[in-house]
Amino acid sequence: VESSKAKGLNFLIAAKFWVFDCGLKADDMANGKDADVPRFLNRCLGMKLKQQKQMTQYFYNALEFTIKEAKRNGTYDVGIKTLSGREVKFADKPRVFHFGGIDAK
């Protein structure tokens, strides 16, 4: 890492080499063509420890930025949300759906 900096390479250029050495193409990942997060993180395990640390920190920073932007724009999906309280009251009568199967008449 330090020798790369001494030769004038910045982190993004060095990272492209690192992911290429692990069988990924940084440009494809950036364009969404090959944006497979589990695969990316798995391939990071094949890097040297210093490279792993820098790549996972960069990934974390990018993820954190993306989440903050989505929250700011109102496009963030919270997913599962825990509701607190002691009781649940229905505002209206609950709707019930019964699926009798494909062959039901």
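Q: Which backbone oxygen lies 2.9 Å from a polar atom of the side chain of Gln-52?
A: This is a predicted model, where local features need pLDDT of at least 70, side-chain atom pairs count only at pLDDT 80 or more, and totals for chains, interfaces and linings use all residues. Residues are numbered from 1 along each chain as its sequence is written, and side-chain values use heavy atoms, with hydrogens and water left out. Gln-52 sits in helix 5, and the backbone oxygen 2.9 Å from a polar atom of its side chain belongs to Met-47.

Q: Is Gln-52 buried or exposed?
A: Buried means under 20% relative accessible area, exposed over 50%, and partly exposed in between, using a 1.4 Å probe and protein chains only. Gln-52 has a relative accessible area of 16%, so it counts as buried.

Q: Leaving aside neighbours within four places in sequence, which residues is Gln-52 in contact with?
A: Contact means heavy atoms within 4.5 Å. With those neighbours set aside, the residues that Gln-52 touches are Cys-44, Leu-45 and Met-47.

Q: How do helix 4 and helix 5 run relative to each other, roughly parallel or roughly antiparallel?
A: Helices here are DSSP runs (H or I, at least four residues), as are strands (E, at least two), numbered from the N terminus. Helix 4 (residues 37–44) and helix 5 (residues 49–73) pack at about 155°, with axes 10 Å apart; axes are lines fitted to C-alpha atoms, for helices over the stretch in contact, and angles run from 0 to 180 degrees between N-to-C directions. Angles under 35 degrees count as roughly parallel, over 145 as roughly antiparallel, 65 to 115 as roughly perpendicular and the rest as oblique. That's why helix 4 and helix 5 are roughly antiparallel.

Q: Which residues of helix 5 make the contact with helix 4?
A: Helix 4 brings Val-37, Phe-40, Leu-41 and Cys-44 to this contact. From helix 5 come Gln-52, Met-55 and Phe-59.

Q: What does helix 5 reach from its first C-alpha to its last?
A: The expected span of a helix is 1.5 Å times one less than its number of residues. Helix 5 has 25 residues, and the 36 Å expected is close to its actual reach in the model, 36 Å.

Q: Which residues of helix 5 are buried?
A: What covers them includes helix 2 (11–21) and helix 4. The buried residues of helix 5 are Gln-51, Gln-52, Met-55 and Ala-70.

Q: How many helices does the protein have?
A: From the N terminus on, its elements run α-α-α-α-α. With zero strands, the count of helices is five.

How values were computed: Polar contact = N/O pair within 3.5 Å; in protein donor to acceptor, adjacent residues only side chain to side chain.
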